[in-house]
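Biologist: I would like to learn how to read a few features of a model. Please take them one at a time.

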Amino acid sequence: MVTGFVATTTTNPVDVIKTRVYAARKAANGEAGILTQVGGIVKNEGLGGFLKGWTASYLRLGPQTAITFLVYEQVRKVVGLDAL
């Protein structure tokens, strides 16, 4: 599950920013720029704000990433390629 941990930790900040930009565009007078959202997160929540929702992301992405790598390695064996 280390792969899921790494995948979730590296992609979660992008997901948080993407979600906030989308939500701000839907709001009446929201500031929707990426840099505006990044600045707002750092100012109001600190760097930990980029990891909001990490647990939910891990519960979704963790098992999927682990299964993907396991299947990938087995397919490589079947077709005669060396493991990575």
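Modeller: Start with aromatic pairs; this is a predicted model, and the structure holds two such pairs.

Biologist: How are the rings of phenylalanine 5 and tryptophan 54 arranged?

Modeller: Ring planes over 60 degrees apart count as edge-to-face. Here the planes of phenylalanine 5 and tryptophan 54 stand at 70°, with ring centres 5.6 Å apart, so the pair is edge-to-face. Phenylalanine 5 belongs to helix α1 and tryptophan 54 to helix α3, 49 residues apart, so the pair links distant parts of the chain.

Biologist: How do α1 and α3 pack?

Modeller: Two packed helices are described by the angle between their axes and the distance between the axes. For α1 (residues 2–26) and α3 (residues 54–78), the angle is about 130° and the axes are 8 Å apart. The two helices are therefore oblique to each other. Their crossing is right-handed.

Biologist: Which residues make the contact?

Modeller: On the α1 side they include Thr3, Phe5, Thr8 and Asp15. On the α3 side, Trp54, Tyr58, Arg60 and Phe69 are among them. The residues of this contact divide into seven nonpolar, nine polar and two charged.

Biologist: What follows α2?

Modeller: Glycine 46 follows α2, and its phi is positive, near 80°.

Note on methods:
Residues numbered from 1 in each chain as written. Predicted model: local features only at pLDDT ≥ 70, side-chain atom pairs only at ≥ 80, totals over all residues. Heavy atoms only, no water. Axes fitted to C-alpha atoms, helices over the stretch in contact; angles between N-to-C directions. Helix = DSSP H or I, 4+ residues; strand = E, 2+ residues; numbered from the N terminus. Parallel < 35°, antiparallel > 145°, perpendicular 65-115°, else oblique. Left-handed = near helix turned anticlockwise from the far one by under 90°. Contact = heavy atoms within 4.5 Å. Nonpolar A, V, L, I, M, F, W, Y, C, P; charged D, E, K, R; others polar. Phe/Tyr/Trp six-rings, centres within 6.5 Å; stacked < 30°, edge-to-face > 60°.
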